[in-house]
Amino acid sequence: MVSHTVFDGPCVRPTVPQVASIRRCAPRHCLHLRASRLEGVEQAPPDPILGVSEAFKADTSDLKLNLGVGAYRTEELKPYVLNVVKKAERKMIDAGENKEYLPIDGLASFNKATVNLLLGFDHAAVKEGCVATVQSLSGTGSLRVGAQFIQKCIPGKTVYLSNPTWGNHRGIFSSAGVKWEYYRYFDPETVGLDFEGLMEDIKNAPDASIIVLHGCAHNPTGVDPTKEQWKQIADLCVDKNHLPFFDVAYQGFASGSLDEDAYAPRYFVDRGIEIMVAQSYSKNLGLYGERVGALNFILSSSSAAKKVLSQLKQIARAIYSNPPVHGARIVSEVVGNDDMFGEWKQEMEYMAGRIKGVRQELQDHLERINPDKDWSFITKQIGMFSFTGLTPQQVENMTNKHHIYMTKDGRISLAGLSSSKAEYLAKAIDDSVRNC
Amino acid sequence: MWKTETSTKQAPKDPILGVTEAYLADENPEKINLGVGAYRDDLSKPVVLKVVRAAEEKISGKQFMEYLPIGGYKPFNEKSVKLAYGEEAQCIQDGRVAAVQSLSGTGSCRLFAEFMKRYMPGAAVYIPKPTWANHHNIFRDAQVEQKSFRYYKPETKGLDFEGLMEDLQGAAEGSVVLLHACAHNPTGVDPTPEQWQELSKLMLKKHLYPFFDMAYQGFASGDCDRDSQAIRIFLEDGHDLGCSQSYAKNMGLYGQRIGCLSMVCSNKAEGSAVESQIKAVARAMYSNPPVHGALLVDNILGTPDIKQAWFDEVKGMAERIIDMRTLLQDNLVRSGSSLEWKHVTEQIGMFCFSGISPEQVDSLAKDHSIYMTRNGRISMAGVTTKNVDRLAAALHKVTS
């Protein structure tokens with residue numbers, strides 16, 4: 001217990017204080033008679049994903065490499081603010097925009113743009129008023145509003161998450177008081193998709209369950225269903241009357257093409273399946289810290305969309321009132337201007353291309369160093385992450401011996417790998433696999 | 001097809017933000033929006049502070065758009081708590097203040113509510129009657145039990161201090177008491193320093209936990225230190241307490257969603273544990289807070305002469321509102337109204353609790369194109385030298 005050195009005597013009532021001065025006075029010691037009500041609060045462990053960066057920062061070794069959080073880095077391993085984003089910001093400053101509250105559901109021009117990007121321009125669902133959209137705090141915020149909606153308006157239903165999935169999915173649904181279960185997803189034997197297991201688990205889920213699907217570039221595995229497999233998943237969702245909840249955090253980042261990466265949600269919508277979609281602009285527009293995203297419901301009627309929107313607004317009002325304006329304006333500027341939109345597509349292709357390139361290099365090095373193991377999964381997987389299959393012990397070796405930071409589930413972020421460090425990484429992986 | 005249609009009900013419009021929607025739909029060129037508490041200048045225009053524009057230029061082209069840590073931008077947090085508790089505050093020097101950047105006032109309150117649910121189990125939150133409507137939504141969605149304490153006395157249009165003390169006297173130990181640090185929303189009625197002293201003593205005795213919602217520091221009196229006096233009084237008395245800060249009004253950063261939740265704890269270890277758990281709540285809500293507003297505030301608070309320039313701008317805004325209060329009251333008196341209007345200048349901050357009925361509010365909207373929330377709360381920031389005459393005349397009309 002911190003004790004004060006200056007004593008006024010026990011419980012002496014201070015005179016009306018001068019506003020700016022805080023005297024070291026005695027009364028605190030009176031509270032020592034009673035334990036603090038918050039004494040029992042335990043120190044929470046560092047976040048398994050975001051905690052990795054903190055550990056990395058503390059490491060003083062020159063060799064250190066951060067393959068933890070999925071934030072894009074250049075070949076020089078520097079953060080990257082897209083040129084088109086700088087242009088948009090400049091435009092916004094010159095325009096002297098005000099800083100007023102957005103409506104609860106966000107910036108209208110952003111909401112329009114985000115749905116166009118997701119579904120393709122001039123989609124029928126939009127024209128028919130069947131889409132409810134709220135701008136929200138990137139992927140996490142959108143998922144959380146969606147989770148609260150499920151808790152409030154579809155109570156008693158279970159949410160199904162892929163095994164494995166992005167760690168924060170669990171926290172989000174649990175925090176919102178929504179029950180969740182796993183469906184099989186990753187097959188460590190093939191280092192690929194356990195499609196049979198997936199279909200069986202989704203079939204066995206009670207009718208009208210909510211199924212969280214990664215739109216593309218599955219996090220953490222990088223393993224996506226093929227188009228044929230998506231069709232079968234859609235068939236099953238129709239049969240079981242399931243509600244798919246797409247998490248679209250990497251549109252454009254996986255293949256380099258915005259349209260290609262939106263195949264799955266668009267296919268489901270065109271099949272007439274109602275879906276929820278959480279979108280994030282953290283990675284594809286590099287707007288990480290601006291927290292830009294959206295939660296969308298694409299439904300079969302405009303009256304349902306209207307009612308759902310009203311509920312989403314009520315939920316958002318009690319979490320943050322209205323979303324932050326800055327990032328949404330940037331997205332709106334970029335998508336709304338043909339030149340900037342074109343430039344964005346180019347920069348995105350470049351980022352996705354760098355990652356594909358570095359995947360290939362890593363695989364080449366590993367095949368050279370350790371030709372007995374099948375390393376092809378590295379280029380078969382897509383997006384920012386690779387699920388290496390490393391065990392927690394091996395991961396510890398990566399960090400403790402080689403100063404390479406990654407999450408305990410064996411996930412590495414290729415976005416944090418440079419060409420010049422690919423060989424170092426390959427050697428470290430080989431060492432961990434052989435000796436731990 | 002999944003049955004959204006039959007199972008989802010239409011939620012009602014938000015009572016505060018819905019007013020602006022109605023106002024926007026009105027085609028009368030002389031319409032007046034006295035709904036939401038966003039500052040307007042004498043031309044009814046939104047204001048971006050000069051210090052904010054300057055800060056904007058400085059941080060534009062920033063190379064930093066990376067994720068902030070879950071707890072936000074640390075330099076911002078540090079400056080923010082100093083602004084609330086005092087530059088030399090002992091609790092800060094002791095290192096026992098848990099502080100997390102949050103999504104403005106709403107976000108701070110929601111983080112606190114979720115924390116309360118988990119770590120003060122069974123505790124109810126006592127909320128003044130009336131309060132900002134969204135407080136009820138926030139604590140309800142966090143599933144925290146709400147109780148109320150008397151606050152506003154319609155007869156005097158002032159504070160019901162006896163009722164307040166009596167209700168809190170009867171509160172169970174360990175309850176949380178939500179207090180508006182200054183410029184109470186919606187009434188504009190604040191306790192005097194002497195009343196704050198008495199309340200602080202009572203809450204110490206009854207082991208009630210103070211949670212201050214401070215959305216108007218600087219905006220109430222024009223002086224940031226003076227406006228946080230209540231908190232300083234409680235700290236002097238040795239309370240552990242929580243505080244929600246918002247920079248929406250006092251820095252005009254409404255849409256940036258920038259604020260801070262802090263909790264003054266018993267010691268450093270507790271502060272660290274509490275902060276870690278608030279962060280766990282934030283991670284499941286939005287992962288990490290938006291960077292832009294934090295950089296702006298940090299820039300402004302970080303340089304002494306810019307900070308002073310900010311103090312001056314806030315004072316200017318507060319003074320315009322005080323002037324409008326005087327003008328409105330004068331006009332009402334001159335209109336020949338037989339009612340008592342002294343509360344217009346006695347109340348403080350952005351809002352005036354006019355005391356008119358919901359039906360009179362409806363009449364103002366329908367017949368005069370003057371919009372306010374149905375509890376009769378007038379946002380004085382929406383009053384200008386150009387519209388104050390018409391407003392006074394309309395108020396007189398509907399109340400006579």
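This is a predicted model: local features need pLDDT of at least 70, side-chain atom pairs count only at pLDDT 80 or more; totals for chains, interfaces and linings use all residues.
Residues are numbered from 1 along each chain as its sequence is written, and chains are lettered from A, and ligands numbered from 1, in the order in which they are written.

The interface of the two chains brings 96 residues of chain A into contact with 101 residues of chain B, contact meaning heavy atoms within 4.5 Å. About 8700 Å² is buried between chain A and chain B, 54% of it on carbon and sulfur atoms; buried area is the accessible area (1.4 Å probe) that two parts lose on being put together, summed over both. In chain A, the most area is lost to chain B by Lys99(A), Tyr101(A) and Arg317(A), which together account for 10% of what that side buries. Eight salt bridges are found across this interface, each a side-chain nitrogen of Lys or Arg within 4 Å of a carboxyl oxygen of Asp or Glu. Arg317(A) takes part in a salt bridge with Asp14(B), in which the closest N and O atoms are 2.9 Å apart. Elements that give two or more residues to the side of chain A touching chain B are α2 (83-95), α5 (138-153), α6 (167-175), α11 (302-317) and α12 (325-336) of chain A; helices (H or I, at least four residues) and strands (E, at least two) are DSSP runs, numbered from the N terminus. The most, eleven residues, comes from α11(A).

Ser142(A) is placed in helix α5 of chain A. This residue is buried, with a relative accessible area of 0%, where buried means under 20%, exposed over 50% and partly exposed in between (1.4 Å probe, protein chains only). Residues up to four places away in sequence not counted, Ser142(A) touches Ser136(A), Leu137(A), Ala278(A), Gln279(A), Gly293(A), Ala294(A) and Leu295(A).

Chain A is assigned domain 1 (50-81 + 352-435) and domain 2 (101-336), with bounds from an automatic or database domain assignment. The centres of domain 1 and domain 2 of chain A, taken over C-alpha atoms, are separated by 28 Å. Between them these domains bury about 1400 Å², 66% of it on carbon and sulfur atoms. Within domain 1 of chain A, Ile382(A), Phe385(A) and Phe387(A) lose the most area to domain 2 of chain A, together 38% of what that side buries. Domain 1 and domain 2 of chain A are joined by zero salt bridges and by five residue pairs in polar contact, both at pLDDT 80 or more.

The largest nonpolar core holds 240 residues, of which Trp344(A) and Tyr85(B) touch the most other members. Such a core is a set of buried Ala, Val, Leu, Ile, Met, Phe, Trp, Tyr and Cys residues joined through side-chain atoms within 4.5 Å. Helix α13 (residues 338-369) of chain A supplies the largest share of this core, nine residues.

Methods
Side-chain values use heavy atoms; hydrogens and water are left out. A polar contact is a pair of N or O atoms within 3.5 Å; within protein, one must be able to donate a hydrogen and the other to accept it, and residues adjacent in sequence count only if both atoms are side-chain atoms.
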